[in-house]
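User: I would like to go through this model in questions and answers, with cut-offs stated where terms come up.

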Amino acid sequence: HRPTSREAQCEFWYQHFHALAWSDRLIAHDRETVRLYLEYFYDHWCGRKEAIREREFDAIVDVYARPGAVKASIAYYRARAAQRQTQTAAPLEDSRIRQPTVIAWGELDPVILAAWADRLGETFLDHELSLLPGIGHFVPIEAPEQTIETIRRSLALARQHERGGGGGS
């Protein structure tokens, strides 16, 4: 199933919620509401639960509990919702990203399903994909070593591309 399917929309409820003008005030009512809200995502979307340590999670909550932080963090969803309302037909030219792109994707991601990787070519002209077993949505936290390797590979491809050497797949 794809992002607009009924099954996917059950996971994407937060995007619709974030688009509501008052959602940030509900989430950020106090530090405890921030914690409760974030706990849902870190518990539900994480493949390697042991990767989210309590002290680090407390630091994440502290950041989001700052005045205005939740509103700023969900501004993307509000802007995206507004853009969808005014969006016209897609451009005629090939708008795919031409820069060689390296993608590390958690196989257990319940939000952006690994099965959707079959359409990466619609967005990226030149890409490499690494599916990470046992990893969920929070790849940098759950798989830091693979994240570092992905960044290194991406930088190497960028250097190659700049020299005119082409890229990966």
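User: Are Y14 and F41 buried or exposed?

Analyst: The model is predicted, so local features need pLDDT of at least 70 and side-chain atom pairs count only at pLDDT 80 or more, while totals for chains, interfaces and linings use all residues. Residues are numbered from 1 along each chain as its sequence is written, and side-chain values use heavy atoms, with hydrogens and water left out. Buried means under 20% relative accessible area, exposed over 50%, and partly exposed in between, with a 1.4 Å probe and protein chains only. By that rule, Y14 and F41 are both buried.

User: What percentage of the contacts in the chain between residues at least 6 apart in sequence join residues at least 24 apart?

Analyst: Contact means heavy atoms within 4.5 Å. The C-alpha trace spans about 55 × 40 × 30 Å along its principal axes, and buried residues make up 33% of the 169 residues. Of the contacts between residues at least 6 apart in sequence, the share joining residues at least 24 apart is 69%.

User: How much of the accessible surface of the chain belongs to carbon and sulfur atoms?

Analyst: Accessible areas come from the Shrake-Rupley method with a 1.4 Å probe; for residues, only the protein chains shown count as cover. The accessible surface of the chain comes to about 10,900 Å². The part belonging to carbon and sulfur atoms is 56%.

User: How far apart are the mean positions of the positive and negative charges of the chain?

Analyst: Lys and Arg count as positive and Asp and Glu as negative, whereas His and the chain ends are not counted. Each charge is placed at NZ of Lys, CZ of Arg, CG of Asp or CD of Glu. For the 21 positive and 24 negative charges, the mean positions are apart by 4 Å.

User: The structure holds 18 aromatic pairs. Why is the pair of W13 and Y37 edge-to-face?

Analyst: Rings of Phe, Tyr and Trp (its six-membered ring) pair if their centres lie within 6.5 Å; planes under 30 degrees apart count as stacked, over 60 as edge-to-face and the rest as tilted. The ring centres of W13 and Y37 are 6.3 Å apart, and the pair is edge-to-face because the planes stand at 90°.

User: Which helices does that pair link, and how many residues separate W13 and Y37?

Analyst: The pair links distant parts of the chain, with W13 in helix α2 (residues 13-18) and Y37 in helix α4 (residues 31-45). W13 counts as partly exposed at 31% relative accessibility, whereas Y37 is buried at 15%. The helices are α2 and α4, and the separation is 24 residues.

User: What kind of ring pair do Y14 and F41 form?

Analyst: Y14 in helix α2 and F41 in helix α4 are 27 residues apart, so that this pair too links distant parts of the chain. The ring centres are 5.6 Å apart and the planes are at 75°, so the pair is edge-to-face.

User: Which residues is R35 in contact with, leaving aside its neighbours within four places in sequence?

Analyst: R35 lies in helix α4. R35 counts as buried because its relative accessibility is 11%. Its contacts beyond those neighbours are E54, F57, D58 and V61.

User: Where does G136 lie, and what is its relative accessibility?

Analyst: G136 lies in the loop between β2 (127-132) and α8 (139-142). Leaving aside neighbours within four places in sequence, G136 is in contact with W45, C46, G47, G106, L108, D109 and E142. G136 counts as buried, its relative accessibility being 0%.

User: Is L108 buried or partly exposed?

Analyst: L108 lies in the loop between β1 (101-106) and β2. Leaving aside neighbours within four places in sequence, L108 is in contact with G47, G134, I135 and G136. At 49% relative accessibility, L108 counts as partly exposed.

Note on methods. Helix = DSSP H or I, 4+ residues; strand = E, 2+ residues; numbered from the N terminus.
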